[in-house]
Amino acid sequence: MANSAHGIGGLVFDDKKKARAPEWNVFFALILIVVVFEVLGMILQGQSLLFDTDGRFDSIFNEQRVKIIILQVSIVGIIALGSTQVIILGGIDLSPGSIVGLTAMISMSFAQVAQVNGMVNPKLMFDGVADLPVFVPVLIGLVVGIAAGIVNGALIAYTKIPPFIATLGMMVAARGAAKWWSKGQPISFPTESYATIGSGMMPVVIFFSLAVLFHLILKYTVYGKHTYAIGSNEQASRMSGIKVDRHKVLVYTIAAALAALAAIVLSSKNLTAQAGMGVMYELDAIAMTVIGGESLSGGRGSIIGTVLGSLIFGVIISGFTFLRLDAYYQEMVKGVIIVGAVVLDQWRQQRAAARL
């Protein structure tokens with residue numbers, strides 16, 4: 001059977017030259033990193049990172065460590081799902097970490113109990129506002145995130161401010177508002193129903209459920225097609241009839257709403273909210289998307305790649321802890337990986353352009 005077919009203008013299609021999906025490269029990188037830590041673990045610690053070599057579990061895996069790896073990246077992973085869509089659009093968002101701090105403070109204010117150990121809650125933010133149904137703080141938190149996203153998107157779409165500047169302004173303003181909300185004091189003692197949101201493995205369930213949802217949305221809906229189209233060529237998208245400005249507002253709003261949801265999960269998990277929550281989360285989220293094979297120039301990327309990128313992050317963090325290496329090595333390695341991923345992406349683009 002012939003492996004090629006002639007098309008318009010005599011162009012020839014050769015199925016042997018089909019490019020492998022970039023997600024496979026990220027998956028192979030994940031496997032390689034796991035293997036490296038496994039080898040180092042056996043040499044330096046005499047133990048395996050992910051496998052049960054002591055017969056403590058019913059499966060071959062070290063279930064506790066696997067859970068920790070996934071759990072520690074799930075909340076930032078929720079933010080990364082929004083960052084993925086923003087970067088595919090050709091933008092950037094520096095505000096999610098500050099939106100996390102602001103949303104956590106406001107949501108927790110409406111999630112508090114009236115009494116603690118039979119006495120009035122010493123951290124009660126508003127008199128008479130306590131023991132509310134769980135949907136109230138969740139809804140208020142999401143509204144805060146949506147409002148921040150609309151401001152980001154409107155500034156970028158209608159005033160033509162560069163995304164870096166617009167979201168940088170939101171990052172500073174939201175962090176200041178988080179500190180102002182309770183004059184810098186933490187807010188604690190949520191209701192049991194609110195605390196359930198981030199308990200156990202619920203952050204992981206929420207993360208993967210949202211990942212499946214947005215994977216399907218980006219791949220099979222008009223929203224996804226328009227997002228990729230605008231990121232690939234904004235002017236061509238305008239000429240094609242796509243309402244680019246309105247779509248930008250929508251994408252940034254969704255990204256901020258996901259950051260707000262991450263804040264709700266985080267404050268629920270920690271049973272407290274502090275203005276400093278979410279610091280550097282936006283950079284970790286961007287790093288996850290870049291490691292996952294997403295192009296910072298826009299138009300390319302996937303939710304699957306971002307999920308794999310988050311797992312790579314988790315393995316690196318747990319691996320360094322497992323090897324008992326100081327935390328600052330993690331930051332240095334993250335930086336090297338991020339720069340390396342961007343350099344690799346640029347090389348791929350130049351190579352693809354050279355083939356045309």
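1. The model is a predicted one, and within it the crossing that helix H2 makes with helix H12 is right-handed. Residues 63-88 form H2 and residues 303-322 form H12, and the two axes come within 8 Å while crossing at roughly 140 degrees. Since angles over 145 degrees are needed for a pair to count as roughly antiparallel, H2 and H12 are therefore described as oblique to each other.

2. On the H2 side, the contact with H12 is made by Arg-65, Ile-68, Ile-69, Ile-70, Gln-72, Val-73, Ala-80, Leu-81 and Thr-84. The H12 side contributes residues including Ile-303, Thr-306, Phe-313, Gly-314, Ile-317 and Phe-322. By class, the residues of this contact divide into twelve nonpolar, six polar and one charged.

3. Helix H3 (residues 96-109) and helix H4 (residues 135-158) have axes that come within 9 Å and cross at roughly 150 degrees, and the two helices are therefore roughly antiparallel to each other. H3 passes H4 in a right-handed crossing. In this contact, Ile-99, Leu-102, Thr-103, Ile-106 and Ser-107 belong to H3, while H4 provides Pro-137, Ile-140, Gly-141, Val-144, Gly-145 and Ala-148. The contact of H3 with H4 has seven nonpolar and four polar residues, and no charged ones.

4. For helix H7 (residues 202-220) and helix H8 (residues 222-232), the axes come within 5 Å and cross at roughly 70 degrees, which makes H7 roughly perpendicular to H8. Six nonpolar residues, one polar residue and two charged residues make up the contact of H7 with H8.

5. Which residues lie nearest the centre of the second largest pocket? They are Val-26, Ala-29, Ile-291, Ala-341 and Leu-344, from a lining of 14 residues, and the space in this pocket comes to about 280 Å³.

6. Helix H1 (22-44), helix H11 (281-291) and helix H13 (327-355) each supply at least two residues of the lining of the second largest pocket. The lining residues of that pocket divide into ten nonpolar, two polar and two charged, which may be read beside the list of residues nearest its centre, Leu-344 among them.

Methods:
Residues numbered from 1 in each chain as written. Predicted model: local features only at pLDDT ≥ 70, side-chain atom pairs only at ≥ 80, totals over all residues. Heavy atoms only, no water. 1 Å grid on protein atoms, 1.4 Å probe; cavity = no way out; pocket = protein on both sides within 12 Å on 5 of 7 lines; lining within 4 Å. Points joined across faces, edges and corners; volume = space filled by probe spheres on them. Helix = DSSP H or I, 4+ residues; strand = E, 2+ residues; numbered from the N terminus. Nonpolar A, V, L, I, M, F, W, Y, C, P; charged D, E, K, R; others polar. Axes fitted to C-alpha atoms, helices over the stretch in contact; angles between N-to-C directions. Parallel < 35°, antiparallel > 145°, perpendicular 65-115°, else oblique. Left-handed = near helix turned anticlockwise from the far one by under 90°. Contact = heavy atoms within 4.5 Å.
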